[in-house]
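Subject: Structure handover

Hello,

Please find the structure below. My notes on it follow.

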Amino acid sequence: MAMRLNVLASGEGGSESLPVTVLNGVGPKLAEKLKRLGLYTVQDVLFHLPLRYQDRTRLLPIGGLRPGMEAVVEGEIELADVVFRGRRSLICRVSDGTGRLHLRFFYFSAAQQANLARGRRLRLFGEARFGPAGLEMIHPEYEFTDGAAPAKPEENLTPVYPATTGVHQLSLRKLARQALEKYLDKIEEWLPLPVLQELQLPTLTEALALVHQPPPHTPVELLAEGKHPAVLRLAFEELLAHHLSLKRLRAHSQQQSAPRLASAHANDNPLMSQLIAALPFKLTGAQQGVLAEIRADLARAHPMQRLVQGDVGSGKTIVAALAALVAVENGYQAAIMAPTELLADQHLRNFSGWLEPLGVVVVGLSGKLNGRARQDALEKIGSGRADIAVGTQALFQEGVEFAELGLIVVDEQHRFGVHQRLALREKGSLGSRRPHQLIMTAKPIPRTLAQSLYADLDVSVIDELPPGRKPVETVAIPSARRADVVRRIRDACTVGRQAYWVCPLIEESETLELETATDTAQALQEALPEIRIALIHGRMKPPEKEKIMTTFKRGDIQLLVATTVIEVGVDVPNASLMVIENAERLGLSQLHQLRGRIGRGDAESHCVLLYQPPLSEMARARLAALRETSDGFEIARRDLEMRGPGEILGTRQAGMPQFHIADLLRDHALLPRVQQVAELLLREHPRSVNPIVRRWLSGAETYGNV
Ligand code: ADP
Ligand code: MG
């Protein structure tokens, strides 16, 4: 990122700033390899948690071995032989009086072969499995015990770390042991003891010691699943660090300056009022409320950072347009950014339709624009002749200079993380002043999650749909009854309605998805020769998509067969029927988003969820939830209950912070406490805030330093 604000003076660090090379045995070569595991510092080594554990603390009688067990056993070699069964291998039969075990070596030296002789006693560690002649271990670790006194068994469970080529378990173990020995007592505890006691979590030092060297009988399944207090302790602090970092960022934004976009005439923005008066509908109470919040933000001399959540169809676009008008009335420009060309085009049409009659100049700028048209748009944006620019990410690419940008509206950017938000704000800054930022999303996410992930933002909710919307009637129908569904399409189209037929991604391949959609469109056309059908998909060129969407919007296409490209934002109120194929494979929130494309007009709307039986219990619950409710927040709540936040937020990488240890999917129950503890620290232990953030977020991720 171009700019480093260095909001915070950074003090000298602890193990987070010591390179791995301070550990014995780590030279530049190994350090290079460790980077592949994300291990740069001693602290990274400490935070590199084992995947699982081996129990080498006790000897197991061979007779007690079961397939799949990893264990230490001891015994005497009864028989050693090189056999050729498909492959040359050395087989030893070992017995301890309680049972027998075969050892199988595919690779062995002559010396090994000579040593592994009948009558020798050895201690073994390996995984027992079923072999051709009973239990066997393939390439076990072994040590002779008939000479000198054998090594003591391990005191603690043995960690198995995520490894990479060229870095052995053994060296990872040694490094972790060394890091614990030398640096554990230098790790500072930043969480107040009463807080830990109340949460019933161990100290950081105790937690690290336990995860790397758990004493025998530690419930290792809990460790591996991240449910053990030691892991929770680490996850908690990491979540806390992210949260604090966002809070700090927010505090920092509050200190930056932004143009005051207030009304010159006592609480009246004439253009805004004109537009409101010209609308064919009345704003809902929720829209008015959110607009008032936005106006209050815009009137302040600090950049607004507001997220507006509103269910699909709740009317976010007009709110964005009204906010943009406030900027324009104050002599500033506004930029409206949409995630796809399709949506950008739709916004351009809407904004132009609403605003041009008021004398406001609206230009479009997206990736498809080039040559003269692009130059022209750039010139208008740069000279300030354009009041409002509507487009895709292209709006903020190299070469685009705004004359005086006062407001950025970001619509439906689910993949928009805190870095992108900040980068955009920097990009649009006027000297030391930052533009206001309004982010709009139809993905309702539960409150606790929103408060954590968007702790740098203020959140408004449009929790009311425009009046007259009838809930979409939703049914689930097995795919065997497809013919009935096709008939319903014919009936709907015959009375002048329009319909969507959605073929979502089933295979992990866009090509296959496309094939399915193409075949479906063909089959439907054969079944419905009198209906005007078109296909739209993600691979099409933007102008082609645009043409189809315009034709559909005009009503000249009656049935639109689509891949999931129509998921966000598309608004065609006359479409009142939607068929979603393979609905059982889609997530609840995604189905809800898709369904939100209908039920936008005054006609009764229907959504048919076609599924392939048999339904899993989960799929059944999802389809039931959709039938029962059309409230996005309720859907999000149920989705969270059923599948956890990862699904609700889309994929894990979608603008989400990357955690070392925490996992929102697993740990979201910690979030309310994380927020409380963050408040407490900011209030009562402000000096511990920076060290905690620094410990968990390395340079690039430190939001306060973007
Ligand atoms: P979303 O919140 O999903 O972006 P849109 O802004 O696309 O929703 O609005 C959906 C439809 O509702 C549009 O056709 C829009 O013109 C219309 N609309 C918005 N606000 C109202 C309202 N208060 N009353 C009636 N219709 C409205
Ligand atoms: Mg929208």
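The notes start with conventions and the overall chain, then turn to the ligand and one residue.

The model is predicted, so local features need pLDDT of at least 70 and side-chain atom pairs count only at pLDDT 80 or more, while totals for chains, interfaces and linings use all residues. Residues are numbered from 1 along each chain as its sequence is written, chains are lettered from A and ligands numbered from 1 in the order in which they are written, and side-chain values use heavy atoms, with hydrogens and water left out.

Overall chain

The C-alpha trace spans about 100 × 65 × 50 Å along its principal axes. The secondary structure comprises 25 helices and 21 strands, taken as DSSP runs numbered from the N terminus (helices H or I, at least four residues; strands E, at least two). Three domains divide the chain: domain 1 (58-144), domain 2 (266-462) and domain 3 (473-629). These bounds come from an automatic or database domain assignment. Taken over C-alpha atoms, the centres of domain 1 and domain 2 are 70 Å apart.

Of the 706 residues, 52% count as buried (under 20% relative accessible area, with a 1.4 Å probe and protein chains only). Among contacts (heavy atoms within 4.5 Å) between residues at least 6 apart in sequence, 74% join residues at least 24 apart.

Ligand 1

There are 16 residues around ligand 1, and Gly313, Lys316, Thr317, Arg469 and Asp571 come nearest (a residue is near if one of its heavy atoms lies within 4 Å). By class, this shell has 4 nonpolar, 6 polar and 6 charged residues; Asp, Glu, Lys and Arg count as charged, Ala, Val, Leu, Ile, Met, Phe, Trp, Tyr, Cys and Pro as nonpolar, and the others, Gly among them, as polar.

Arg233

Arg233 sits in helix H8 (residues 229-255). Arg233 counts as buried because its relative accessibility is 0%. Leaving out residues up to four places away in sequence, Arg233 touches Glu189, Leu191, Leu196, Leu201, Pro202, Thr203, Leu204 and Ala207.

Regards

Methods. Buried < 20%, exposed > 50% of the residue type's maximum accessible area, 1.4 Å probe, protein only.
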